[in-house]
Amino acid sequence: MIVLDQENKVFTLHTRNTTYQMKADRSRVLLHTYYGPRIGGGDLSRLIQYADRGFSPNPGDAGEDRAYSLDTLPQEYSTCGVGDFRLPSIEFERPDGSRLADLRYTGCQLNRGKYALPGLPAFWGGDEWETLVVFLEDAAAQMSVELYYGVAEEHDLITRAVRVVNRGTEAVRLCRCASLCLDFQRGDMDFITFNGCHAQERNLNRAPLRPGVQSVESVRGASSHHHNPFVILCERGANEDCGTCFGAMLVYSGNFLAAAERTQLENNRLLLGVNPYHFCYTLAPGQDFTAPEAALVCSPRGFGQMSRQFHRAIREHLIHDPCAGGRRPVLINNWEATEFHFDSSKLVSIASAAAPLGIELFVMDDGWFGKRDGDSSGLGDWFVNETKLPGGLADLAPKIRALGMSFGIWIEPEMVNEDSDLYRAHPDWALRAPGRPCARGRSQLVLDFSRREVRDHVYGAIKQVLGSADISYVKWDMNRSLTDVWSAALPADRQGELFHRFVLGVYDILDRMRRDFPHILIEGCCGGGGRFDAGMLYYTPQIWCSDNTDAIDRLRIQYGTSFCYPVSSMGAHVSAVPNQQTGRSVPIETRGVVAMAGTFGYEMDLNQTTGGEKETIKRQVAFFKTHYDLIQRGDYYRLSDPFADPYAAWEQVSSDRREALVSLVYGPNHASAPFRALRLKGLDPDALYRVNGGEPWRGDVLMAAGWPLPMPTGDYQSLQLYLNAE
Ligand code: DGJ
């Protein structure tokens with residue numbers, strides 16, 4: 001619910017459990033007055049303290065009031081060069097070279113429903129949403145800034161976006177435009193980020209905010225394996241179940257900056273948006289720029305509640321799921337089994353072994369097109385390699401269909417190998433600056449997706465392939481970072497737009513594909529989880545979580561990912577042992593339990609497995625299908641910290657609390673291990689639950705005292721407890 005107090009210019013956004021407030025003060029400066037647990041209302045600007053602080057200047061219109069400084073007041077959208085020395089939200093350069101932004105309130109508008117952003121992914125929804133638009137202007141620069149707020153009351157979710165319009169008569173260069181600025185009138189907070197590298201994504205990192213700026217970012221052109229555009233600020237003592245925490249995500253897949261600043265007054269500012277690195281947009285008179293959406297959840301009850309709010313909002317208001325309401329298929333992918341070395345009969349043999357086990361979708365990974373016998377050729381040539389697949393997809397797809405399975409393919413549209421027909425015909429379509437050699441990544445170059453003709457060509461070829469056979473799934477990969485970011489199609493003073501235009505180009509093709517083939521499930525991928533973000537999830541409801549398929553490493557990766565992103569978004573497969581990335585051998589039961597904490601599938605040649613393993617796989621697939629709703633749509637509870645505890649455990653609970661599934665994976669085994677009990681969460685305290693069909697247990701007992709854990713008899717064993725209330 002949005003409450004506008006027009007007389008006092010106080011704007012209050014209530015969700016079920018939280019309240020957010022801003023106020024335009026006597027100078028029409030938009031102050032941020034509160035964000036936190038829900039309160040009744042009133043003008044919370046009374047929380048703000050005014051004092052004369054040395055070296056914190058006073059704006060001209062403050063007169064002799066030395067206690068009024070933009071440098072000390074909590075700002076809703078911070079300005080630049082006119083008195084606030086903290087992190088600026090916006091920066092633009094006028095033709096006279098000045099870089100000053102002074103924004104003042106001019107009005108606001110309340111709408112039912114959720115705003116949309118042209119060309120950009122954003123949360124969507126109907127009348128259960130409200131939108132507030134707050135208008136600001138820099139009168140001297142003739143620049144206007146519109147702040148958008150979407151409120152999804154039931155989800156405790158507040159989205160934000162920003163539109164900047166040049167209302168003057170001369171071009172202006174926009175050099176920074178954050179999506180979110182959030183000032184906290186408190187200092188003692190921890191900053192939590194999710195960091196890593198290829199095959200080790202989203203490891204949780206928590207540290208107290210120190211004076212100054214702490215930040216994570218990507219300058220790689222994709223949101224990256226290394227840092228994620230999702231961060232948390234929380235009270236020092238916050239944990240899974242208590243303490244106030246604030247999660248902020250960017251609905252964007254390119255370069256981002258998430259920066260937290262502890263200020264001179266020991267307050268904090270959080271900034272989130274497109275990275276100002278190599279960013280500069282020229283706005284001609286009348287032109288505008290829309291910054292990507294950011295979304296906020298405040299949880300007064302710890303990280304668990306915050307995650308569950310994000311999970312539900314993402315599932316219900318961000319993704320577009322072609323299988324909505326139904327079930328996504330259990331898949332088998334041939335990559336780890338064959339890499340590039342396959343032909344039709346090999347693929348059909350893998351599918352034939354999978355079909356009787358209940359696996360429903362066969363995915364043909366990299367290597368089916370052009371001259372693609374390894375990773376140094378063929379990218380860009382989106383036509384079937386008929387040496388490997390005689391008769392093309394029109395021959396292969398029906399063979400897969402005849403097994404009762406659906407069929408999917410891998411693509412990597414943004415890339416090109418120099419050894420390809422596409423590159424030979426259009427060398428200037430790759431990103432590279434004139435007169436210098438450019439960096440290769442995995443022997444490939446990046447196509448200039450800012451250019452319409454490049455996108456049209458690539459998409460035209462892929463569209464033809466998708467139309468040539470019965471295809472119900474596409475894995476969209478991207479296997480290198482962007483370098484040599486220069487476009488032959490942009491003038492010198494617009495090269496700073498290229499990183500962002502590239503992302504808009506990716507979104508354009510994803511959007512076209514989604515509209516042309518609404519039945520196709522698109523899985524995102526970027527060498528695993530290098531572009532695991534809410535922007536991609538809008539188009540690709542699931543994303544390959546990591547190239548690391550080792551079940552034990554995956555526990556940490558999926559744990560970190562779960563702080564923001566739901567189980568139904570995390571691509572996870574059972575692969576062969578010893579694992580290709582770690583050399584570790586983990587029991588098939590455990591590999592199944594871990595992959596079931598994601599979208600669930602297999603990535604191995606099942607012809608190489610024993611009869612016993614096949615029986616286990618058959619049981620896993622049947623179990624997953626039976627409990628699909630609980631696993632994919634249940635409320636998710638983390639029961640352990642796999643970085644600290646001797647086991648990893650998590651739990652899904654149905655919304656009516658009648659059912660729950662507990663999964664636990666032990667680490668390496670040790671002799672004389674202590675007795676342990678696993679305390680469950682989210683159950684109905686008064687209900688009687690049968691655990692795996694056995695004697696009933698009270699919910700309160702399972703939550704307060706816990707379930708006694710059996711002693712493992714070897715390394716990396718696991719268990720699953722299915723609870724149903726009597
Ligand atoms: C990287 C992906 O993450 C893998 O799963 C696989 O699709 C390869 N690329 C194929 O080149």
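Reader: What does D448 touch, not counting residues up to four places away in sequence?

Author: D448 touches W429, A430, L431, V454, S487, A488 and L498, with those sequence neighbours left out. Keep in mind that this is a predicted model.

Reader: Noted. Where is D448 found?

Author: D448 is in the loop between β24 (445-446) and α6 (452-467).

Reader: A loop, then. Is D448 buried or exposed?

Author: D448 is buried, because its relative accessible area is 1% and the cut-off for buried is under 20%.

Reader: You listed L431 among the contacts of D448. How far apart are the C-alpha atoms of D448 and L431?

Author: The two C-alpha atoms are separated by 5.3 Å, while the residues are 17 apart along the chain.

Reader: And which side chain is joined to that of D448 by a polar contact?

Author: That of S450, at 2.5 Å.

Reader: Now the nonpolar part. Which residues touch the most other members of the largest nonpolar core?

Author: M364, W368 and I409 do, in a core of 206 residues. Helix α7 (residues 498-516) gives the most to this core, with nine residues.

Reader: What is around W368?

Author: Leaving aside residues up to four places away in sequence, W368 touches F342, W382, F383, V384, N385, L389, I409, W410, I411 and V465.

Reader: Next, S575. Which strand is S575 in?

Author: S575 lies in β29, which covers residues 573-575. S575 counts as buried because its relative accessibility is 1%.

Reader: What does S575 touch?

Author: Beyond four places in sequence, S575 touches E336, T549, R591, E603 and M604. With T549 there is a side-chain to side-chain polar contact of 2.8 Å.

Reader: R591 came up there. Which residues of α10 are buried?

Author: I588, T590, R591, G592, V593, V594 and A595 are buried in α10. That makes seven of the eight residues of this helix, which runs over 588-595 and is mostly covered.

Reader: Last one, A313. Which helix is A313 found in?

Author: A313 is in α1 (residues 302-317). A313 is also buried, with a relative accessible area of 1%.

Reader: What is A313 in contact with?

Author: A313 is in contact with F123, H155, L157 and L318, leaving aside neighbours within four places in sequence.

Reader: And what separates the C-alpha atoms of A313 and R698?

Author: They are separated by 31 Å, and the two residues are 385 apart along the chain.

Conventions:
Residues are numbered from 1 along each chain as its sequence is written. This is a predicted model: local features need pLDDT of at least 70, side-chain atom pairs count only at pLDDT 80 or more; totals for chains, interfaces and linings use all residues. Side-chain values use heavy atoms; hydrogens and water are left out. Buried means under 20% relative accessible area, exposed over 50%, partly exposed in between (1.4 Å probe, protein chains only). Helices (H or I, at least four residues) and strands (E, at least two) are DSSP runs, numbered from the N terminus. A nonpolar core is a set of buried Ala, Val, Leu, Ile, Met, Phe, Trp, Tyr and Cys residues joined through side-chain atoms within 4.5 Å. Contact means heavy atoms within 4.5 Å. A polar contact is a pair of N or O atoms within 3.5 Å; within protein, one must be able to donate a hydrogen and the other to accept it, and residues adjacent in sequence count only if both atoms are side-chain atoms.
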